[in-house]
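This briefing is meant to be read alongside the sequence and the coordinates. Please keep both open while going through the points below.

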Amino acid sequence: MTVTLQRHGAIAVVTIDNPPVNAVAHAVRQGLMDAVAQTENAADIRAVVLACAGRTFVAGADVKEFDMPPVDPNLPDVIAAIEAAETPWVAAVHGTALGGGLEIAMGCHYRIADPKARMGLPEVTLGLVPGAGGTVRLPRLVSADLAVAMVAGGKPISAQVALEAGLLDALAEGDLRDAALAFAASCSAPRRTLGLPVVGKTDPEAFDKTASDLRRKARGQRSVSVAIETLERGLTLPSADALAEERATFLSLKASDQARGLRHIFFAERATLADPRCKAEPRALTHIGVVGGGTMGAGIASLCLMRGFAVTLIERDDASAEAGAERVRTTLQGSAKRGLLHDHAGALARLQSATTYDALAEADLVIEAVFEDMSVKKNVFAALDAATRPDAILATNTSYLDVNEIAACLKDPSRAIGLHFFSPAHIMKLLEIVLPDRVADDVVATAARLSKSLGKIGVFSGVCDGFIGNRIMSSYRSEADRLLLDGAFPSEVDAAMRDFGFPMGIFEMQDLAGLDIAWAMRKRRRAEGKLAGNDSRISDRLCEAGRFGRKTGGGWYDYVDGRAQPSEHVSKVIDEERGGEAMMLTQDDIISRILVALRNEAEALIEEGIARSANDIDVVMVNGYGFPRWTGGPMFSARRGS
Ligand code: COA
């Protein structure tokens, strides 16, 4: 039974048990409807506690049902029945009350929560708006300023914030169920949320600012502005009209391409580690070594400390070790300030730095993040082979070098793996887990578990130049270069891709990163005979002229007071390299040529066995490279024909 009813004297406890996250599937809706009827008909029941089994309160509607025909009873009707009950209902919230879960809790007459609980309306992140009264009941409990952040921002709030704002009536001290039973015993009559007046805007300027910030950050995702409009109706219309409009908006968004794309990414992200190799027993991990205290190494070290690991940071001398440790301390402090790190002192206490590899004798895993050069990496791996326990895992953070070649330095190559973090490592969600040919299954399983413990979305990649993400991005760069030769200018290519939904154009991105790094790499590869074609001739000429990007005041653009402007110098170089007539290229031509190039490269990665699936590629591009999330990623949108 997904919904059960138990008696505690005059109090009925209705428990939802639908693992893993108590999503409101059809059986739950029907069970709640039945529970309302049962408790209303029992004259001796004075109050009802609504609780959930397992790790969380209801985490939302069942997203899997969204692509199926709807089956009654629908959630708005269930919530209306609870709200209309004559017996008071008290929601007892633990874990997360999200989406439909919070809407159910708001349909109850009172709410009590575990102090660690969180609650929110994340529908907007799935391309939706709340569909069961969220935008109508929430502004009757909290100020409109908070409601707009929750409805259009989608981020959950803590139980403390919810209590202060009016969303909760009490926090449980001690056991939640006992506290909820005691609370219910004191309730004499229902207090219906829809019967309360709208709280309104306590600070209209703050409301407008939150709304406009969220609209600006939406980057083409429609649900954000629709959520703001829906909430505005919740604030102003009579509740019955607002509820009807909200439901209609929800249903029309649910069928939209953007919502389908976001649902695809939601499930694709949760399937990336479903791999037979992850069934092996992972190795124990408590102590992690990081070699290299530069931006990347310090970022990885900070992340591991924030997630509870002990970290030893290795640098070549005392001054560099201290500089690396200082970078880590700065990152930890920033994270603590932003509320991302609760045990700041504990994290600092777990950090050690050293200048010799013997400090890693007891490490369970070592991640090297030294200079991106094969011989430097090989030296580090050879030294680690001698200094570490034979069962310690040795990982490289390389972003394109051959991990098989690095692994071959070890007596036992099966303990080598690639962990490609993205900068800043403590923020970016993606982790490419690069699997060399001889990696042991339990090393793969350990890396997968580490990725979860670090809060990352781990995606497996085979070994190739650049792995999944960088290889696709280099096809983007090459196509962008070809577009210049065919007739477009950098600002046109960038504007088209920004319009498509990327946060930044490819040429702006190169200016920010610095053109010199890629130039040095090209020169090295040409010398090694690994680079064919002449696509980057324009970029070479900019570098030869000292135009390395923002840091030199010019690259693909000129920078005047920090603002990018099209450059005459660059236009002249492009004209000369073109040598012939320029083609007329529309924005659509530019976007579709780049998308085709990305997808061709993605297909090649699947054929070569580098990527496991098109879904994994979507996850990589969306989480690591700014591909707009609402498209569902390059492969999903290609399948849909856009
Ligand atoms: N509907 C259907 N399935 C859901 C779901 C939902 N609303 N929320 C989570 N799941 C499933 C996941 O697909 C996953 O399934 P799997 O084990 O088969 O892969 C499982 O529940 C666990 O989810 P996961 O995200 O891996 O667990 P977590 O502990 O890291 O996070 C939540 C739990 C609830 C915070 C997170 O799942 C979440 O944010 N869910 C979406 C909530 C939401 O957007 N609700 C509004 C819907 S309109």
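The model is a predicted one, and its chain is assigned three parts, namely domain 1 (3–255), domain 2 (276–463) and domain 3 (468–609). A ligand is surrounded by 18 residues, and the protein covers 69% of the 870 Å² of accessible area that this ligand has on its own.

**Ligand shell**

- Of the 18 residues that surround the ligand, the closest are R55, A59, A61, V63 and R270.
- By class, the shell around the ligand is made up of twelve nonpolar residues, one polar residue and five charged residues.
- On the side-chain part, an N or O atom of R270 is found 2.7 Å from an oxygen atom of the ligand.

**Domains**

- Domain 2 and domain 3 have C-alpha centres that lie 32 Å apart.
- Where these two domains meet, eight residues of domain 2 are in contact with six residues of domain 3.

- L98 belongs to strand β5, which spans residues 96–98, and because its relative accessibility is 18%, under the 20% limit, L98 counts as buried.
- Apart from residues up to four places away in sequence, L98 touches V58, A59, G60, M119, G120, P122 and P156; one of these, A59, is also among the closest residues to the ligand.
- V148 is 50 residues from L98 along the chain, and the C-alpha atoms of the two residues are separated by 16 Å.
- A321 lies in helix α13, which covers residues 318–337, and with a relative accessible area of 5% A321 is buried.
- Beyond its neighbours within four places in sequence, A321 is in contact with E315, S353, A354 and T355; of these, A354 is 33 residues away in sequence, while its C-alpha is 6.5 Å from that of A321.

- N397 is placed in the loop between β14 (393–396) and α16 (403–407), and because its relative accessibility is 8%, N397 counts as buried.
- The side chain of N397 reaches the backbone nitrogen of F421 at 3.0 Å, and F421 is also listed with M296, I300, I367, E368, A369, L419 and H420 as the residues in contact with N397 once neighbours within four places in sequence are left aside.
- H109 is found in the loop between α3 (100–107) and β6 (110–113), and at 0% relative accessibility H109 counts as buried.
- A polar atom of the H109 side chain lies 3.4 Å from the backbone oxygen of I82.
- Contacts of H109, with neighbours within four places in sequence left aside, include I82, E83, A85 and T87, as well as P88, W89, P190, R191 and R192.

**Backbone features**

- Most residues other than glycine have a negative phi, and most peptide bonds are trans.
- The peptide bond from P19 to P20 is cis, with omega near 0 degrees, and P20 lies in the loop between β2 (11–16) and α1 (26–41).
- A cis peptide bond also joins D72 and P73, with omega about 0 degrees, and P73 is found in the loop between β3 (47–52) and α2 (75–84).
- N22, which is not a glycine, has a positive phi of about 55 degrees; N22 is placed in the loop between β2 and α1 and is buried, with a relative accessible area of 2%.
- R219, likewise a residue other than glycine, has a positive phi near 45 degrees; R219 lies in the loop between α8 (204–217) and α9 (222–236), and with a relative accessible area of 35% R219 is partly exposed.

How values were computed: Residues are numbered from 1 along each chain as its sequence is written. This is a predicted model: local features need pLDDT of at least 70, side-chain atom pairs count only at pLDDT 80 or more; totals for chains, interfaces and linings use all residues. Side-chain values use heavy atoms; hydrogens and water are left out. A residue is near a molecule or strand if one of its heavy atoms lies within 4 Å of it. A polar contact is a pair of N or O atoms within 3.5 Å; within protein, one must be able to donate a hydrogen and the other to accept it, and residues adjacent in sequence count only if both atoms are side-chain atoms. Accessible areas come from the Shrake-Rupley method with a 1.4 Å probe; for residues, only the protein chains shown count as cover. Ala, Val, Leu, Ile, Met, Phe, Trp, Tyr, Cys and Pro count as nonpolar, Asp, Glu, Lys and Arg as charged, and the others, Gly among them, as polar. Helices (H or I, at least four residues) and strands (E, at least two) are DSSP runs, numbered from the N terminus. Buried means under 20% relative accessible area, exposed over 50%, partly exposed in between (1.4 Å probe, protein chains only). Contact means heavy atoms within 4.5 Å. Domain bounds come from an automatic or database domain assignment.
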